[in-house]
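Work through the exercises below with the sequence and the model in view. Each task is followed by a stepwise solution.

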Amino acid sequence: MTKGYLKETLPEYLLEEYHLLSSEEATNKIHFPENFEEFEKARKRLVFEELLSMQLALLSLKNQYTRRRRRNSLF
């Protein structure tokens, strides 16, 4: 895999705090792990990112709903 092909989507402090692989490394190791531990680390990173994305999307929907309710209750 070519180095630098994938853009990192998570900030560095999250990668360090949760001991996550880079996006590129996780993608490479999920497809071509040298052992089961590498596969698990790659999976952890990918699952973390997916759940974070879903959580942020739900928070955005909740905020939109709350703003609409406040706006409608003013009239």
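**Exercise 1. State the order of secondary structure elements along the sequence, then judge the overall form.**

Step 1. Read along the sequence, the pattern is α-α-α. The protein has 3 helices and 0 strands, where helices (H or I, at least four residues) and strands (E, at least two) are DSSP runs numbered from the N terminus.

Step 2. The radius of gyration is 18 Å, well over the 11 Å that the globule rule gives for 75 residues, so the protein is more spread out than a compact globule. The radius is taken over C-alpha atoms, and the rule is 2.2 Å times the number of residues to the power 0.38.

Step 3. The C-alpha trace spans about 60 × 25 × 20 Å along its principal axes.

Step 4. Note the basis: this is a predicted model, in which local features need pLDDT of at least 70 and side-chain atom pairs count only at pLDDT 80 or more, while totals for chains, interfaces and linings use all residues. Residues are numbered from 1 along each chain as its sequence is written, and side-chain values use heavy atoms, with hydrogens and water left out.

**Exercise 2. Is R45 buried or exposed, and which residues does R45 touch?**

Step 1. R45 lies in helix α3, residues 36–73.

Step 2. Its relative accessibility is 0%, so R45 counts as buried. Buried means under 20% relative accessible area, exposed over 50%, and partly exposed in between (1.4 Å probe, protein chains only).

Step 3. For the protein, buried residues make up 17% of the 75 residues.

Step 4. Leaving aside residues up to four places away in sequence, R45 touches E8, T9, L10, L15, L20, L21, S22, S23 and A26; a contact means heavy atoms within 4.5 Å.

**Exercise 3. How many aromatic pairs does the structure hold, and how is the pair of Y18 and F48 classed?**

Step 1. The structure holds 2 aromatic pairs. Rings of Phe, Tyr and Trp (its six-membered ring) pair if their centres lie within 6.5 Å; planes under 30 degrees apart count as stacked, over 60 as edge-to-face and the rest as tilted.

Step 2. In Y18 and F48 the ring centres are 5.1 Å apart and the planes stand at 40°, so this pair is tilted.

Step 3. The pair links distant parts of the chain, 30 residues apart: Y18 is in the loop between α1 (12–17) and α2 (23–31), and F48 is in helix α3.

Step 4. Y18, at 36% relative accessibility, counts as partly exposed. F48, at 22%, also counts as partly exposed.
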